[in-house]
Amino acid sequence: MSTTALAGVSVLHVMWASGSPWPAKSKKQLGEAVIGSDGPMPGVTPTLVVAGGTAAAALLASGALGEGPARRLALRGMGAVMAMRAVIGGGLALAAMGLPAPGRTFRDLDNRLYRPFAALLGVSLWLAAHAETPEHG
């Protein structure tokens with residue numbers, strides 16, 4: 001699940017960097033849903049950085065970049081970050097990025113979709129790390 005979810009997030013950011021507002025109908029609606037306001041979306045470069053980071057995380061989760069203790073630690077770290085995102089919510093995450101307090105659309109999506117997705121992804125990453133742990137005894 002982790003690999004597919006992270007790859008999907010990466011593809012979505014590539015689409016946004018290319019100018020697509022999908023799954024919203026307009027850039028204004030996308031901004032309200034993703035950054036909490038109808039202000040300007042992040043630029044192409046930061047959006048592609050997120051796309052690259054999530055693509056690398058998908059490769060890591062898949063095992064394509066190798067196995068071992070460093071991978072387990074990275075998976076656990078990513079899982080912890082996603083769990084923290086689920087717990088603290090999007091408002092604090094946006095504030096940490098220097099963005100204004102989110103509007104209703106973002107808050108609703110955060111409660112219904114983003115936080116549960118982050119929690120599920122966090123658990124999935126932790127389970128992927130645990131699945132690689134060698135058996136004892």
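Predicted model: local features only at pLDDT ≥ 70, side-chain atom pairs only at ≥ 80, totals over all residues.
**Confidence**
- Mean pLDDT (the predictor's confidence in each residue, from 0 to 100) is 92 for the chain, and 96% of residues reach 70 or more.
- Among the helices (DSSP runs of H or I, at least four residues, numbered from the N terminus), H1 (residues 2–17) has a mean of 97 and H5 a mean of 93.

**The largest pocket**
- A pocket here is an open set of points on a 1 Å grid over the protein atoms alone, where a 1.4 Å probe fits, with protein on both sides within 12 Å along at least five of seven lines; lining residues have an atom within 4 Å of a point.
- Its lining counts 47 residues, and Val-9, His-13, Trp-16, Val-34 and Val-50 lie nearest the centre.
- H1, H2, H3 (44–62), H4 (69–96) and H5 each put at least two residues into that lining, with H4 giving the most, at nine.

**Asp-110**
- Asp-110 sits in H5 (residues 104–132) and counts as buried (under 20% relative accessible area, with a 1.4 Å probe and protein chains only) because its relative accessibility is 4%.
- A polar atom of the Asp-110 side chain lies 2.7 Å from the backbone nitrogen of Gly-90.
- Beyond four places in sequence, Asp-110 is in contact (heavy atoms within 4.5 Å) with Arg-85, Gly-89, Gly-90, Gly-91, Arg-115 and Pro-116.

- In H2 (residues 27–34), Leu-30, Gly-31 and Ala-33 are buried. Seen down the axis, the buried residues of H2 fall within an arc of 165 degrees (taken from the directions from the helix axis to the C-beta atoms), so they line one face.
- Pro-23 is in the loop between H1 and H2, and the peptide bond from Trp-22 to Pro-23 is cis, with omega near 10 degrees.
- Most peptide bonds are trans.
- Gly-36, in the loop between H2 and H3, takes a positive phi of about 85 degrees and is buried at 7% relative accessible area.
- Leaving aside neighbours within four places, Gly-36 touches Gly-31, Leu-94, Ala-101, Pro-102, Gly-103 and Phe-106.

Conventions. Residues numbered from 1 in each chain as written. Heavy atoms only, no water. Buried < 20%, exposed > 50% of the residue type's maximum accessible area, 1.4 Å probe, protein only. Polar contact = N/O pair within 3.5 Å; in protein donor to acceptor, adjacent residues only side chain to side chain.
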